[in-house]
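Subject: Structure handover

Hello,

Here is the structure for you to open. My notes on what was found follow below it.

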Amino acid sequence: MARQKTTDIDRSVKAVKRTLAILDAFVDHPGGMTLGELEEATGLFKSVIMRYMLSLEAERYVSKRVDGCYELGSRAYQLGCTYERTFNLREHVMPVLNKLTEVTVESSSFFVREGDFRLCLYRKDSPQHIRSSVPVGTLLPMDDTSAATALRHFEQGIPEGWTYSQGVFTSTGAGSNLPTSLTASMSVPIFRHDNQLAGALGISGPIIRFNPEDADSQQLLIEEARKLSYALGATIYE
């Protein structure tokens, strides 16, 4: 009896994985897919895909067009809308900023681009008396600081072949105002679903104390950036 139960569970897990593989294939093909394209993308035989499609169509997760192609259905759209309503960027970013500041004892921040400016969306200040401090909500120029450089570099998308292992953007004494001209920083891009730029994650501190070329701090920033991008739905986080 126990062996039969284990076999049934294994079959159920396999069926779930196949179903998810079929649905995942549409992420990179929003215009719809033929059975042949689904076969190539999932590694499943057409006959197998057809059996799953009957159930997915019945539950409105996929729909079949008059041209024979399949596309995501209304139920999948409803799930996406529910995700958007419940998703809270702050809940994902703040734990990362807290960790960066706890480990480095320097300030950490998350910037997004607003036209010709960069907005400090989230921030965790260093506990030290002498520190880099930018209040949340501050608009700063798109200057030569590491955060602005990261935002500018990826505004048109991810360059082919780019990975986090290529390193971080750094700056020392950059910026057009007094606080930033006395600050050193390191930043990396953060991506969301569809691998679109979500913002720039960075660590900053006074020039007299913080070294943006420090290998340990850079590695920490890269590791946290990978995990955050993954949590936001990106697929490029190597």
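Arg118 lies in strand β4, residues 117-124. Helices (H or I, at least four residues) and strands (E, at least two) are DSSP runs, numbered from the N terminus. This is a predicted model, in which local features need pLDDT of at least 70 and side-chain atom pairs count only at pLDDT 80 or more, while totals for chains, interfaces and linings use all residues. Residues are numbered from 1 along each chain as its sequence is written, and side-chain values use heavy atoms, with hydrogens and water left out.

Back to Arg118. Is Arg118 buried or exposed? Arg118 is buried, because its relative accessible area is 3%. Buried means under 20% relative accessible area, exposed means over 50%, and partly exposed is in between (1.4 Å probe, protein chains only). The Arg118 side chain reaches the backbone oxygen of Pro141 at 3.0 Å. It also makes a polar contact with the side chain of Asp143, at 3.4 Å. A polar contact is a pair of N or O atoms within 3.5 Å; within protein, one must be able to donate a hydrogen and the other to accept it, and residues adjacent in sequence count only if both atoms are side-chain atoms.

Next, the cysteines. Cys69 counts as buried because its relative accessibility is 13%. Cys120 is buried too, at 1%. A disulfide is a pair of cysteine sulfur atoms within 2.5 Å. By this rule the count is 0 disulfides.

Now helix α8, residues 215-231. Its 17 residues should span 24 Å at 1.5 Å a residue, and its end C-alpha atoms are 24 Å apart, so the two agree. The expected span is 1.5 Å times one less than the number of residues in the helix. Buried residues of α8 include Leu220, Leu221, Ile222 and Leu228. What covers the buried residues of α8? The cover includes α5 (89-104), β6 (169-172), β7 (183-191) and β8 (197-206). After α8 comes Gly233, with a positive phi near 105 degrees.

Ser229 sits in α8. Ser229 counts as buried because its relative accessibility is 0%. Its side chain reaches the backbone nitrogen of Phe191 at 3.0 Å. Setting aside neighbours within four places in sequence, Ser229 is in contact (heavy atoms within 4.5 Å) with Tyr164, Pro189, Ile190, Phe191 and Ala234.

Then helix α3, residues 46-58. It has 13 residues and reaches 18 Å from first C-alpha to last, close to the 18 Å expected. Val48, Ile49, Tyr52, Met53 and Leu56 are buried in α3. Just after α3, Arg60 takes a positive phi of about 65 degrees.

Ala25 is found in helix α1, residues 2-25. Ala25 is buried, because its relative accessible area is 8%. Ala25 and Glu37 are 12 residues apart along the chain, and their C-alpha atoms are separated by 9.0 Å. Beyond neighbours within four places in sequence, Ala25 is in contact with Met33, Leu38, Ala41 and Thr42.

Last, the domains. The assignment, with bounds from an automatic or database source, gives domain 1 (14-79) and domain 2 (87-232). Their C-alpha centres lie 39 Å apart. The unreviewed UniProt entry annotates residues 13-74 as "domain: HTH iclR-type". That span is 56% helix and 10% strand.

Best wishes

Technical notes. UniProt positions renumbered as here; feature names shortened; annotations may be inferred.
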